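What follows is a short report for a reader who is meeting this structure for the first time. Please look over the sequence and the model before reading on.

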Amino acid sequence: MKKYTTIICALFLSFSLTSLAQQTPAPKQSETISIEGATAHLGNGKIIENSLIMFEDGILTFVGSATQKIARKGTLINGKNKHVYPGFIAPSKALGLIEVNAVRASNDQDEIGEIIPHVRSLIAYNAESKLVESMRPNGVLIGQITPNGGRISGTSSIVQFDAWNWEDAAIKVDDGIHLNWPTTFRKGKWWLGESKGFLPNKKYNKQVDEVISFIRNSIAYGKNIAKEINPAFSAFQGVLNGSQKLYVYANGEKEIIDAITKLKKENIVEVVLVGGYEAHKTSSLLKDNKIPVLVQFTHNLPFFEDDDYDLPYKLPKILVDAGLLVGIQNGAASNFQTRNLPFYAGQAVGQGLDKEIALQLISGNTAKILGIDAMYGTIAVGKSATLFISSGDALDMRTNQLSHAFIDGRNISLETHQTELWKRYMKKYNGK
Amino acid sequence: MKFLGLCLLWCSSTLFAQDYFPENEGVKATNKNFTAFTNAKIYITPEEVIQNGTLLIQNGKVIKSGTSISIPTNSVIIDLKGKSIYPSFIDIYSTFGVEQPKKSPSTRRAAQYNPSREGFYWNDHIMPENSANTKFKFDAKKAKELVDVGFGVVNSHIQDGIVRGTGILVALNSTDNDARRILDDQSAQYLSFSKSVQKKQAYPTSLMGSMALLRQMYSDAKWYSQGNATTKDQSLEALLKNKTKVQIFEAKDKDNALRADKIGDAYGIQYTILGGGNEYENIEDIKATNATYILPINFPDAYDVSNPYQAKYVTLRDMRNWNQAPSNPKILAENGVLFSLTTHTLKSPSLFKKKLAKAIKHGLSKTAALKALTTTPAEILGKSNIIGSLKTGRQANFLITSGDLFDTNTTLYENWVQGRKNVINDITLNDIRGTYDLDIGGLIYELKIKGNPSKPSAELKQDTTKFKVKITHTNNWLTLSFAEHKENKQYRMTGITHSNTNTISGKLVLPNGKESAFKAIKIVNYKDSKEENKGANTSNLTIVPITFPNVGYGFNSKPKKETTLFKNATVWTGENEGILENTDVLIKDGKISKIGKNLNFKGVKTIDATGKHLTAGIIDEHTHIAAVAINEAGHNSTAEVKMEDVVDSEDINIYYNLAGGVTSAQLLHGSANPIGGRSAILKLKWGETADKLIYNNSPKFIKFALGENVKQSNWQSFSRFPQTRMGVEQVFMNYFQRGKEYDALKKSGQPYRYDEEMEVIAEILNGERFISCHSYVQSEINMLMKVADKFDFTVNTFTHILEGYKVADKMKEHGVGASTFSDWWAYKYEVNDAIPYNAAIMQSQGITVAINSDDAEMSRRLNQEAGKTVKYGGMTELEAWKMVTINPAKLLHIDHRVGSIKEGKDADIVLWNDNPLSVYAKAEKTIIEGVTYFDLQTDLQYRKAIQKERNLLIGLMLQEKAGGAKTQEPKQTKKEHHHCDSL
């Protein structure tokens, strides 16, 4: 511990203390980097003790054991007693779309309209957000920037967290459309005399009908394109032809069954379930239909008073045990919380989930679910060198301590607005 | 039914004359005749019952009742052989005839802080000057609804506001006028915790605000009565005038009943309390109030749980309430709690009989039920001399029934009010039920008449052919009609019936219009097939047991202190000893008794803690769980309110916190105002009642707040001072200066107006109460310390304190502690510079630092939040752990009792399966004062028990639905989770 503190302090002092602006994006990787001796957590469930990892031009060129006799190229980083992880991925998140919750002027996450798939998050993504940069010292390096609200909130894009602008940041443009499935219960309008808490939603069937009707209209629209553009129908064509995924937000058992059954009937190819508080009650349906789940984050309270106190903690494990492809998202949490993504996975470990599998829920699995696994999510030869080095177990807050992070091989800054303030004031006190 | 309009029949005598009124529409005449009801079973009181008695009335009053009454010659005699007479019912929680205030439409954009009245109390919701009498207009239609179910007198009032003024005691006499039926035009004073729907003054916005307001009002009234006021206050004058009347408090809930009673006790007032129907859940404390109760019997309908996806929304808590609530009157009666019953909250009085029958089915004795409807309400109002019984001199308000009033098969014939007869069911109606041979033109049909004598139903068959038959029997005229299937040929019959019903005959109209005659000869006497109602028989009812608290995960019985030896644990002492490996800890009599190696005690429960970690219980300096209200936002200073008044001991979050190793917490007021309310420091003793959660000899704390919330920056509010940080300082300066002056005046021995708010401010100035101040940016933090310096006291704690790291040196110098979030930021403009290194920086400057939650989710894993300080700023694990144990204990001045593992301290300890700072750690046992409140193994058992009990209750509800009972749609009565900003 002591040793670590010295390293970190030295590291901080080597950076400029004057700037309070956002971190400057790192330049393109110019020289090969080799990390030797670390425990490599590959993000696919596997682990390599005493590993050797090399990357060049942003691409991993070697991932294997350090005992292998092979030339170490470029800059060598000693990874002894350290751990290497793939950059964590935060799906379904409005990062960069809102800076300060209470300041309306900084809020770009929820556009007017119920069904607005044509509304695109990417162009509003603030690559210079102070919030986004605060993700990096915890290992969260990639996010799916997702609009909120309404029935169909809009179209997301996937970005990496070290960029000059949104074009720079984009990993996958317009990757998916986000559908908030209607709920069978709704919150009581207590100010109109209804009870607080939840009441049956009498409009549920009608609302489901509206969704299905929209899909059918989009299908009809797609069959005859020679007419005036309908932005919503037009924006939905990607989902219909399978080039975009449809993220369906549903938590209740009935809602999940309805959503999966009805969307399947409309031949929607790529469906991802988001939320899934009761996904464990429908796991065979989800498995049969090969529906992956971006399960709600573990740092949640039980929704029903009679539920197990630890249901949110163990839900990811239950779904993994049921044979589903699972990732963790914290869409419902405040943006700043997303840096706790590794600890959400860690919480599931406390419930008996294997650590390497837990890691997959925020790396390899998520990349697969988002469709960026060709390049991201795991540490493998040929993939992007988007990874970081931690002095300890990155899933535990006690030991998540980053010394290096790389996005596409670029050695990014681990400084933030927050670390700079820390150093500024420690200097003030120590300088006295 | 066509005779409905005639149901209200009255005596043939002339109206009761008002003696001294001139008469111009005829000649003046008086009726001094008596009416004697003879040979009846008479309930003179519920406990004084006479057989073959006589009730003698005259001029609307009971002259005599008993067995050997000499009947004056000028008496009209009514023979009631086989019938019973009961006193009519009394409902003392009624709105009968009194116009109720309507919600006034909101026209103002901003909240109204000042009163709208002149010459009255400063708070619009205090209206003791109101009188139901001024809003009263006799409502004959409503009166009939009440009379039909047996009520004779009601005490009606205006159900609006915190103090509601006086009620009006009215006999439901539709014949005479107000001169006779109003028995008291200033009867009882009514109070509640609810604001007026008509008045818009913001204060109070919360339950604890209502409580504080009532306390202040009572002390102001005393002060006023001593002639200290220089101005006239019509409200206080009315309050003083109403002082001698019975005070009826609308609590509507078991906890509110205790809250009301406590206020009453402080001012020498014993309220009569309107209950909520859940009093049975805490019968001991309810009994201890010594209050008389008024109980609604609007027992919940079963939830429609036929759809399992909907059923899951109904909590076990609510299912149990459906199952247990009908036992409420019985349990109160059995515990000697005096109560009356009311129709209050029933959609219609017509439901009263059914609900009452349910209470009786659930074990309420008939005598207790009758008392609750007659003598008790009369006693509550102090009117036993005129109503509630059939003793001499009482109002002639009584019921005539066919038998036992509470048997479902009994017919209520008449309800006499003030000597005026109201017919509910015709007493002279012949009982024609039975089986007859009906002769129609020589063809014999079998006619079976059954059901209610006044609304009979009939079956008709000829051979094996059945006919649909319509039957009515009113005023002893029978009509019958039926149609022959094939050609829809209509047969119609009508005839008068006689008391001897062996034969009924009359006119028959044939399908072709020709008239003929019919004759029916009784062949079988009627016999009620239904099992006789034998009164209380609860053996076939399934009633699930109450738990502590009465929700899922409640204890079957309150857990007890145990002597326990933990062997071979890794002990995080939180003291200079640091972390001790392979160490034993003995807890005994609720205290940490011994710490050492290889301890051995015989006959002691021993727990092998090898590989496990034993720590002190976590202490959350800033929580908003376990409260029914958080913010009193009606004023910019609310030092008068107390969180101790609004502790909710049934919040499931208490259990969640225990499962996360939390044993103590400071329940803080919210941050709606610069000077908030007083704190409640709690031990999370799940299953105990609210008062027992509060620390004994609790250190005194108050919440202060700075910044955006108190400026009301983040919502549409522009009228309340302060709107800037500049104004916030002035609020403090003003209040502390006034507090100082108040204290000086008080200490001088001169008369002064007791001001609860100023008392609290003076406590702060005198160092008797500590401030925990919600704070964000450095300017305001610095400001409050300077204000405190000016008034010569020390701020105890800055909570949140997100920019504390910028002024850590100044904080150290002032001597204030800090309680902060581990890593929260970016939710408001003022947390732009909040950094997760804050705790470490402040700690490095020698400040006592705690990590708190302010959040129901985070509070149950504060151990992890402490773990984050290792990551952010490189705290040692030992120091990190102190941030959620001994450090908050120090900030709360309870570190001599809790916060570390030290011999002699309270045995508030947690056994973890791993390093408690780790995300992987799980609390296995959480113990407070030697009592295990959370245990991982027990929790597993509760999960199974909950499933089992839900299943049982769902089955019972389905049965009830199948039996045709009314159901309600499933809903989830979810509680809101509070934060500082919660209103």
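Predicted model: local features only at pLDDT ≥ 70, side-chain atom pairs only at ≥ 80, totals over all residues.

## An antiparallel sheet in chain B

Strand S17 (residues 434-440) and strand S25 (residues 515-525) of chain B run antiparallel and are joined by seven bridges.

Two packed helices are described by the angle between their axes and the distance between the axes. For helix H16 (residues 725-748) and helix H18 (residues 778-790) of chain B, the axes come within 11 Å and cross at roughly 15°. H16(B) and H18(B) are therefore roughly parallel to each other, and their crossing is right-handed.

On the side of H16(B), the contact is made by B:Arg725, B:Val728, B:Glu729, B:Phe732, B:Met733 and B:Phe736, while H18(B) contributes B:Ser779, B:Glu780, B:Met783, B:Leu784 and B:Val787. Sorted by class, the residues of this contact between H16(B) and H18(B) comprise seven nonpolar, one polar and three charged.

## An enclosed helix

Helix H11 (residues 366-373) of chain B is largely enclosed by the rest of the structure, because six of its eight residues are buried. The buried residues in H11(B) are B:Ala368, B:Ala369, B:Leu370, B:Lys371, B:Ala372 and B:Leu373.

## Where chain B meets chain A

Between the two chains, 57 residues of chain B are in contact with 48 residues of chain A. On the side of chain B that touches chain A, the elements that give two or more residues are helix H7 (308-311), helix H8 (316-324), helix H13 (652-659), helix H19 (808-814), helix H21 (862-871) and helix H24 (936-962) of chain B. The largest share of that side, five residues, comes from H21(B).

By class, the side of chain B that touches chain A holds 27 nonpolar, 13 polar and 17 charged residues.

Methods:
Residues numbered from 1 in each chain as written. Chains lettered and ligands numbered in written order. Axes fitted to C-alpha atoms, helices over the stretch in contact; angles between N-to-C directions. Helix = DSSP H or I, 4+ residues; strand = E, 2+ residues; numbered from the N terminus. Parallel < 35°, antiparallel > 145°, perpendicular 65-115°, else oblique. Left-handed = near helix turned anticlockwise from the far one by under 90°. Contact = placed C-beta atoms within 7 Å. Nonpolar A, V, L, I, M, F, W, Y, C, P; charged D, E, K, R; others polar. Pairing = 2+ DSSP bridges. Buried ≥ 20, exposed ≤ 12 C-beta atoms within 10 Å, placed from the backbone.
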